[in-house]
Protein chains: 2
Amino acid sequence: MALLEPLVLYTAKICPFAHRVELALAETGLKSNKDFERYEIDLKNKPDWYQPKINPASKVPAISYGGPKVTGDQPSSESTKLAESLVLLEFVADLFPNSRLLPKDPVLRAKARFFIDAFANKFAPASFAFQGGKSTNGAEGIFSGIEQLQDLMAPEGLAIGDGKDFTIADAAVVPFFARMEVSLKNDFGVYPEGEGKKAWETLQTNGRFARWRKYWETVKARESFKTTFDEDYLTKQYSTRWTRA
Amino acid sequence: MALLEPLVLYTAKICPFAHRVELALAETGLKSNKDFERYEIDLKNKPDWYQPKINPASKVPAISYGGPKVTGDQPSSESTKLAESLVLLEFVADLFPNSRLLPKDPVLRAKARFFIDAFANKFAPASFAFQGGKSTNGAEGIFSGIEQLQDLMAPEGLAIGDGKDFTIADAAVVPFFARMEVSLKNDFGVYPEGEGKKAWETLQTNGRFARWRKYWETVKARESFKTTFDEDYLTKQYSTRWTRA
């Protein structure tokens, strides 16, 4: 597949929201820094031009699309600037309607979007609360969130439909599962020491999460995941970010 | 336009989220209780079957689609049940790709979705806070939210593109503006008496909101709005819900 217009993705390796869009672009077959420019933003030291010229909200991900072919650090006023990770996932799916990032069937498309909604409302708040030491019931919120997502998943393979196609539903959740794995197995969080490792052990062994484990294996084996996720980098970053006193 | 499968919309006149979907269906030209069944759920006294058979979250809106032709109160296990208002807006747009509920151009589609995101993050929290007496700067949050939406609007007409087509961006925000009007002009809220009316007067006269006023006139003149919004009903409901002590 090929792009009709120049595209720059402003992203950051550490950011799960930005990772969503990297996955979607990878799944279309586009090559980073060949078919589009991948521009890493240092979130702790953003370029001066980023907020005024690319994203007024100053967050990643953002996309510059169209206009003259320019480098990411020389943004043109003639390109369209787009932001918000879920908007961008739909945008990539719209650019490549044959990529299978969204099923053709309206009911399955609704299920993909409902899955993302369930992730945002059931899993994400519990996961953030746990890592931030604000959970009142340990990792149970994470476990329950995963079970609720399992209930919405295809019986095998990926999340939606017959489980064969990687959709925006997968792109939306995978970056957060990847960061959860790194966090839990290294005990990166402000919960009592050992609770992360214990939760990860439970996720790895308890029958409640059998479907999720297979899902996670399936995802991690994909080229799109391997080329967009840098576990060593994330581990290093998180090790300084989540220091236990 | 015609539906290929039976569709029941579970809705409630009072609910802005449900109203979103009523607007989208009306804009496709489908007639309520002719082309699809409109099933009013009494939110204070929901039917016993609603939560187990239609929506586990027990909220409106929900859609039953497909399966045998049955009445809304006799749901079939063979139909698909869908929920979440934004998921349903996309679903209606997907059922009727020629309805113009979403533009064809991927960039304009992204702008429609970004507009909804801006509404949800900039306007809605401020509006809820004001009505609930939790705003620390009076109606300024509402005013600022409206200005931010104005900045994203087409120069005239409806929200997106050339302003000629009613899109899911309009469907997503209109129900909330309609309820804001009823609330402010009747002073329905737990803020100090008179503050609602004063805010409405400002919205009606201040040059800051000229674009929004024209937008709001354009929307209110549409058949889809007139047939889906019952101002008298809402005024009566709100008058008992937001009683000032």
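This is a predicted model: local features need pLDDT of at least 70, side-chain atom pairs count only at pLDDT 80 or more; totals for chains, interfaces and linings use all residues.
Residues are numbered from 1 along each chain as its sequence is written, chains are lettered from A in the order in which they are written, and side-chain values use heavy atoms, without hydrogens and water.

**Exercise 1. Describe the contact between chain B and chain A.**

Step 1. Contact means heavy atoms within 4.5 Å. Chain B and chain A bring 18 residues each.

Step 2. Buried area is the accessible area (1.4 Å probe) that two parts lose on being put together, summed over both. Here it is about 1700 Å², and carbon and sulfur atoms give 71% of it. Val87(B), Asp94(B) and Arg113(B) supply 27% of the area that chain B buries against chain A, more than any other three residues.

Step 3. A salt bridge is a side-chain nitrogen of Lys or Arg within 4 Å of a carboxyl oxygen of Asp or Glu. There are six between chain B and chain A. One of them might be looked up in the structure: Arg113(B) pairs with Glu90(A), with the closest N and O atoms 3.4 Å apart.

Step 4. Helices (H or I, at least four residues) and strands (E, at least two) are DSSP runs, numbered from the N terminus. On the side of chain B that touches chain A, strand 4 (80-83), helix 3 (85-95) and helix 4 (106-131) each supply at least two residues. Helix 4 of chain B gives the most, with eight residues.

**Exercise 2. Which residues lie closest to the centre of the second largest pocket?**

Step 1. On a 1 Å grid over the protein atoms alone, a pocket is an open set of points with protein on both sides within 12 Å along at least five of seven lines, while a cavity is a set where a 1.4 Å probe fits but cannot get out; lining residues have an atom within 4 Å of a point.

Step 2. A volume is the space filled by probe spheres set on the points, which are joined across faces, edges and corners. For this pocket the volume is about 670 Å³.

Step 3. Of its 24 lining residues, the closest to the centre are Phe114(A), Ala118(A), Leu152(A), Pro56(B) and Lys81(B). Helix 4 of chain A gives the largest share of the lining, seven residues.

**Exercise 3. How many cavities of 30 Å³ or more does the structure hold?**

Step 1. There are three.

Step 2. The largest cavity has a volume of about 50 Å³. Its lining includes Pro6(B), Glu37(B) and Lys69(B).
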